[in-house]
Amino acid sequence: MRGLLVVGLIVVIAVITTVLGYQVPKTSSSSSLSPPSAALPSDAHRGEHSGALGEADGIVPDGVTVFNDTIPAVARLDPDLLKALRRAASAAAHDGVEFYVNSGWRSTAYQNQLLRQAVAKYGSENEAARWVATAASSPHVTGDAVDLGRSDATAWLARHGAEYGLCQIYRNETWHYELRTSAIERGCPRMYADPTEDPRMQQ
């Protein structure tokens, strides 16, 4: 009888050990997975605030026109520039041409990012300066410049832009337009070859 009790006790201990043996890894595995899962929201949140740029910084989604007031890149343009763009766009629409915006107002952070990318692409700050200004000197940061998409719009403006005070400023940037109200009477001023010739860029 005593022998049977000992055997029974051994069996019970073996069963308990087996059950616990399976549960412990399960618990440990589950706790090792929990921290990364729990950390995901805060990691994503940190990333969003430290590096990710979006529409609020001036990034423009596809298909935005000069009439879109919900996109900061358009809405935060200088009011007189925006008014001239919309007047010109309304006239161009009669010729079947739409004014799509590739870039308009930009935040300082966005401009700095574009400059870093240009330096990486062109290999030097001097070469990058032919295409991207610093945040301190860029007319995009102040809302005084717009980059238009599609060649039919820029071709239309090349012919008619001066009537609205809209001028191409740099020969190497056929898409970049700024407001020059004197152009309505006198025509657009002579273009700079690229931004490095523009005195405003020497800041």
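Trp156 is buried, as is Tyr164. The structure described here is a predicted model, and the two residues form an aromatic pair whose geometry is tilted, with 6.1 Å from centre to centre and 35° between the planes. Together with Phe99, Trp156 and Tyr164 make up one aromatic cluster. Under the rule applied to ring pairs, the count comes to four aromatic pairs. Another of these involves Tyr170 and Tyr192, whose ring centres are 6.2 Å apart and whose planes meet at 35°, so that this pair is likewise classed as tilted. The pair formed by Tyr170 and Tyr192 links distant parts of the chain, since Tyr170 belongs to the loop between β3 (166-168) and β4 (176-179), whereas Tyr192 lies in the segment after α7 (183-186), 22 residues apart. With a relative accessibility of 2%, Tyr170 counts as buried, while Tyr192, at 23%, counts as partly exposed; the cut-off that separates the two classes is 20%.

Aromatic rings also take part in contacts with charged side chains. The charged end of Arg76 is placed over the ring of Trp105, at 4.1 Å from the ring centre. In a second contact, the charged end of Arg150 sits over the ring of Tyr100, and the distance to the centre of that ring is 3.8 Å.

The protein chain as a whole contains seven helices and four strands, which follow one another from the N terminus in the order α-α-α-β-α-α-β-α-β-β-α. Of its 203 residues, 33% count as buried. Helix α6, which spans residues 151-160, contributes Ala153, Thr154, Trp156 and Leu157 to the buried residues. When α6 is viewed down its axis, these buried residues fall within an arc of 155°, and they therefore line one face of the helix. Ser151, Ala158 and Arg159, on the other side of α6, are exposed. Trp156 of the buried set in α6 is also a member of the aromatic cluster with Phe99 and Tyr164.

The largest pocket has a volume of about 470 Å³, and 25 residues line it, with Arg106, Leu114, Trp131, Val132 and Asp147 lying nearest its centre. Two or more residues of this lining come from each of β1 (100-103) and α4 (108-122), and it is α4 that gives the most, with seven residues. When sorted by class, the lining of the largest pocket consists of 14 nonpolar, seven polar and four charged residues.

For the second largest pocket, the computed volume is about 220 Å³. Its lining comprises 14 residues, of which Glu125, Ala129, Val132, Thr134 and Met201 are nearest the centre of the pocket. At least two residues of this lining are supplied by each of α4 and α5 (125-128), and the division by class gives seven nonpolar residues, six polar residues and one charged residue.

Technical notes. Residues are numbered from 1 along each chain as its sequence is written. This is a predicted model: local features need pLDDT of at least 70, side-chain atom pairs count only at pLDDT 80 or more; totals for chains, interfaces and linings use all residues. Side-chain values use heavy atoms; hydrogens and water are left out. Rings of Phe, Tyr and Trp (its six-membered ring) pair if their centres lie within 6.5 Å; planes under 30 degrees apart count as stacked, over 60 as edge-to-face and the rest as tilted. Buried means under 20% relative accessible area, exposed over 50%, partly exposed in between (1.4 Å probe, protein chains only). A charge sits over a ring if NZ of Lys or CZ of Arg is within 6 Å of the ring centre and within 35 degrees of the ring normal. On a 1 Å grid over the protein atoms alone, a cavity is a set of points where a 1.4 Å probe fits but cannot get out, and a pocket is an open set with protein on both sides within 12 Å along at least five of seven lines; lining residues have an atom within 4 Å of a point. Grid points are joined across faces, edges and corners, and a volume is the space filled by probe spheres set on the points. Ala, Val, Leu, Ile, Met, Phe, Trp, Tyr, Cys and Pro count as nonpolar, Asp, Glu, Lys and Arg as charged, and the others, Gly among them, as polar. The arc is that of the directions from the helix axis to the C-beta atoms.
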